[in-house]
Amino acid sequence: MVMRIFVTVVIIVAIVAGLAAPLSLNFMNMGVLQGFFSTALPILGFGALIKYLCCCGHK
């Protein structure tokens, strides 16, 4: 149950940061999608790493 909450929070944070980055950091010259992915993917990667480290060895 805690992992589902953690995954949901990480996904929501990544989406919000990805949507806010092109607007606030003036990434419009790069394109909206490139700004979104350049911000959201590191957040999702960090969340996946933490999830892997917390769940390793339970099964």
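Trainee: How many aromatic pairs does a search of the whole structure find?
Mentor: Good place to start! This is a predicted model, where local features need pLDDT of at least 70, side-chain atom pairs count only at pLDDT 80 or more, and totals for chains, interfaces and linings use all residues. Residues are numbered from 1 along each chain as its sequence is written, and side-chain values use heavy atoms, with hydrogens and water left out. Rings of Phe, Tyr and Trp (its six-membered ring) pair if their centres lie within 6.5 Å; planes under 30 degrees apart are stacked, over 60 edge-to-face, the rest tilted. The search gives one aromatic pair.

Trainee: Which geometry do F36 and F37 form?
Mentor: Their ring centres are 5.2 Å apart. The planes stand at 80 degrees to each other, so the pair is edge-to-face.

Trainee: Is F37 buried, partly exposed or exposed?
Mentor: Buried means under 20% relative accessible area, exposed over 50%, and partly exposed in between (1.4 Å probe, protein chains only). F37 has 42% relative accessibility, so F37 is partly exposed.

Trainee: How many disulfides does the structure hold?
Mentor: A disulfide is a pair of cysteine sulfur atoms within 2.5 Å. For C54, the nearest cysteine sulfur belongs to C55, 6.5 Å away. The disulfide count is zero.

Trainee: What is the relative accessible area of C55?
Mentor: C55, like C54, is in no disulfide. C55 is partly exposed, and its relative accessible area is 33%.

Trainee: What share of the 59 residues in the protein is buried?
Mentor: The count covers the protein's 59 residues. Buried residues make up 17%.
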